[in-house]
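Colleague: I have some questions about how the labels on this model were assigned. Please set each value against its cut-off.

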Amino acid sequence: MTTTGPRLEKITPANLDAALGIRVRPDQEHAVAPVVKSLAEAYVHPGVAWPRLIVDGDRPVGFLMAFLDSDWHEDGSVLRSGLWRLNIAAGEQGRGYGRFAVESVAEELRRRGAKEFYVTWEPGPGGPEGFYLGLGFRPNGENSGGQTVAVLELT
């Protein structure tokens, strides 16, 4: 029996190629790293990176990677959790998969006791700012690597 509706799957040898095949629209490539870079970062940040394939039925539709208790200032003073990457396949955008991904990460963070959910985005045309603002994220005045930092209260 085929499972329907979106769900998250751990990245495994069985779905690795499907994850690597996720491509955003060409006009969005400047705003989000490809899945292969995310998986390389997950490899070197075990315990912090939480990569997942977004699947609807048997169809891979996107990829997300959360960060869990990341040492934000690299000095042990601030630990944050949030969404590191979100790649929705070009032909699957506008179908609610991005919202599903964000809500799934929020659920996981709540389960782990987090009170805040962080995200960053590349500012400018074609970027995801409107999407994140529409979900309730609010810029907190910080920048990280040239990206806008925003937070969503989980309480």
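Colleague: What makes strand β7 mostly covered?

Modeller: This is a predicted model. Buried means under 20% relative accessible area, and five of the seven residues of β7 (residues 147-153) are buried.

Colleague: How do you know that β5 and β7 pair, and in which sense?

Modeller: Pairing needs at least two bridges. Six bridges join β5 to β7, and the two strands run antiparallel. In this pairing Phe 117 has Leu 152 of β7 as its bridge partner.

Colleague: How many bridges join β6 to β7?

Modeller: Four bridges join them, again against a requirement of at least two, and they run antiparallel. Arg 138 has Val 151 of β7 as its bridge partner. The hairpin of β6 and β7 has two residues between the strands, and Gly 145 has a positive phi there, near 60°.

Colleague: What is the strand order of the sheet?

Modeller: The sheet is open, has seven strands with mixed pairing, and the order is β1-β2-β3-β4-β5-β7-β6. β1 and β6 (138-144) are called edge strands because each pairs on one side only. From one strand to the next the twist averages 30°. At the β1 end, β1 and β2 are joined by five bridges in the antiparallel sense, with Glu 9 opposite Leu 53 of β2.

Colleague: Which helix touches β2, β3 and β4?

Modeller: Helix α2 (residues 35-44) packs on the sheet there, and its direction makes about 35° with that of β3.

Colleague: Why are the buried residues of α2 said to lie on the same side?

Modeller: Val 35, Ser 38, Leu 39, Glu 41 and Ala 42 are buried. They cover an arc of only 160° around the axis, which puts them on the same side of α2. Their cover includes α1 (16-20), β2, β3 and β4. The face turned away from the buried side carries Val 36, Tyr 43 and Val 44, which are exposed.

Colleague: How do you know that the span of helix α3 agrees with its number of residues?

Modeller: At 1.5 Å a residue, the 15 residues of α3 (residues 97-111) should span 21 Å. The end C-alpha atoms are 21 Å apart, so the two values agree. α3 lies across β1, β2, β3, β4 and β5 and runs at about 160° to β4. Its buried residues include Tyr 97, Phe 100, Val 102 and Leu 109. After α3 comes Gly 113, with a positive phi near 90°.

Colleague: How many aromatic pairs are there by the ring rule?

Modeller: The count is six. In one of them, the ring centres of Trp 72 and Tyr 118 are 6.0 Å apart, within the 6.5 Å limit, and the planes are at 35°, which lies between 30 and 60 degrees, so the pair is tilted. Trp 72 is in the loop between β3 and β4 and Tyr 118 in strand β5, so the pair ties together parts 46 residues apart in sequence. Trp 72 and Tyr 118 are buried.

Colleague: Why is the pair of Phe 131 and Tyr 132 called edge-to-face?

Modeller: The angle between the planes is 65°, over the 60 degree cut-off, and the centres are 5.0 Å apart.

How values were computed: Residues numbered from 1 in each chain as written. Predicted model: local features only at pLDDT ≥ 70, side-chain atom pairs only at ≥ 80, totals over all residues. Heavy atoms only, no water. Expected span 1.5 Å × (residues − 1). Buried < 20%, exposed > 50% of the residue type's maximum accessible area, 1.4 Å probe, protein only. Axes fitted to C-alpha atoms, helices over the stretch in contact; angles between N-to-C directions. Contact = heavy atoms within 4.5 Å. Arc of directions from axis to C-beta.
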